[in-house]
Amino acid sequence: MVRFENVGLRYGMGPEVLKDVSFDIKPNSFQFLTGPSGAGKTSLLRLLFLSLRPTRGLVNLFGYDVSGLRSDEVAVLRRRIGLVFQDFRLLDHLTTYENVSLPLRVQGRPEPTYRSHVIELLHWVGLGDRIHVLPPVLSGGEKQRTAIARALIARPELLLADEPTGNVDPPLARRLLRLFVELHKSGTSVVLATHDAGLMDQYDGRRLILADGRLHEQRPGGPKRN
Amino acid sequence: MARNKNKPELAVVRPAAPIVPRDTVTSRALLTVIAIMTFVAALIVGAVSLVRDNVISWRNDMARELTIQVRPIDGRDLAGEIGKAIDVARRTVGVIDARAMTRDETGQLLEPWLGAGLDFSVLPLPRLIAVRLSATAEPDLTALRQALSEQVAGASLDDHRTWSARLAAVSDVIVFAGFALLGLVITATVLSVSFATRGAVSANRSIVEVLHLVGARDDLIASTFQRHFFAVGVQGGLVGGAAAALLFVLGALLPSLLAGIPGGGQAALLTGQFALDREGYVGIAGIVALVALVTAVASRLTVRRTLREID
């Protein structure tokens, strides 16, 4: 599904923030992406989401070499990826329902064709009674679940989550992790970026560890790192 | 997925809200800027149109009038000479009418220089004949001048050529200055509307980012913003343009409104000049269209630049 080979990334003339990064993400897999702050987790996620192009190396996404893609091809490819942010990125003037249905709306799909699907998903993430509510009224956990539902609504093959539990309390973080694990079990590949070791200890998933711009890997069942 | 187990009942949802919110502080501020700038630009368009129309009208009036002067000559009957001059003029092709000004009218012309209350009958004043020319047929002034010199004693023809040439030069300068001013105002309008639009789009940067992240094509994002800001441009432009047009309509109606008021006739002479013709109103509509177009294009370009910055 995703293959990185000797990928390097630098911003402008600055130092390389990612160095010789090589890994792959298989269909229906679950992995944590971890490392200290400033290690390059967000940069790696942006490469995965095609918001950045590598300075060197090969990035292959769903069988496409991303270096030769046009912007409209990138937009289409991006629809196969769901993205969840720590700061939610919800539109405050749209209701929970409208925020979640946004990816389908921008694909030009008529509203009646997805209404039941969106409402079903909102019930699944526990927001069935918050359908008509605007984001400023939602709690942090509700906002994050809305953002997750929005990332899932177009049935992405790959879900990227950048510190999705960073703004919620530990019980809610565990609940959100269960949501991601359930997603993985239903067939979606998940990359969950976090520096919360406690959270990672709750699920025996593959760990991609970034340090000083280099990536190390820890397979499930392997020795744990703190 | 587990979520298929208990299918919830369908909820009633409101019609989808616009992706770019309509009633925001930045939208209202932009609308106000557009309305004000359109109003100012439309006023200038109307004013330049009025000046140009009036200047053309003065020039045409001047070109369609001649004056025959008949000087009193001892031993000749002045009234008879005036009658002959009128006959000569009326026989000339292209002359609509020729009318001798009365002694009193001639006196009124001299009042600014000689003062009122003088008995002009004791002065050997030349008499004037006002000749009106057709707007279509070109009169043969050389032939008229020759006929007058041959048939009327003491007659001379003044075609106002010197005065007309000076007026033409002045009017050309006035019209040129008007169009230069119009160009400056339109440039200022385009720039201010363009920058205000960029500011308003920048205030919505988070929306551009979210749309980008949920997989919207760049063209769709740009078109969404362009439609929204075009509507704002049309709305603001119509408010400003309509206000300016209303002002000119009121200006055109003032003469009839002032007609029954003492002294209204004098004022009507001035206000009557504010009646805008069809071209003037078309010019105002053009400004509205230009402003809406600038708003739309500026928003599209700003969104495109924002998207480039995001990637």
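A residue is termed buried if 20 or more other C-beta atoms, placed from the backbone, lie within 10 Å of its own, exposed if 12 or fewer do, and partly exposed in between. The structure is a predicted model, in which local features need pLDDT of at least 70 and side-chain atom pairs count only at pLDDT 80 or more, whereas totals for chains, interfaces and linings use all residues. Residues are numbered from 1 along each chain as its sequence is written, and chains are lettered from A and ligands numbered from 1 in the order in which they are written.

Of the 226 residues in chain A, 44% are buried. Chain A contains seven helices and 10 strands, taken as DSSP runs (helices H or I, at least four residues; strands E, at least two) numbered from the N terminus. The C-alpha atoms of chain A occupy a box of roughly 45 × 40 × 30 Å along the principal axes.

Within chain A, Ile81(A) belongs to strand S6. Ile81(A) counts as buried because 23 C-beta neighbours lie inside 10 Å. Residues up to four places away in sequence aside, Ile81(A) touches Phe49(A), Pro156(A), Leu158(A) and Leu160(A), a contact being a pair of C-beta atoms, placed from the backbone, within 7 Å.

In chain B, helix H6 (residues 205-213) has as its buried residues Ile207(B), Val208(B), Val210(B), Leu211(B), His212(B) and Leu213(B). The cover over these residues includes strand S6 (81-84) of chain A, together with helix H7 (218-258) and helix H9 (278-310) of chain B. Just after H6(B), Gly215(B) adopts a positive phi of about 95°.

Terms used: Contact = placed C-beta atoms within 7 Å.
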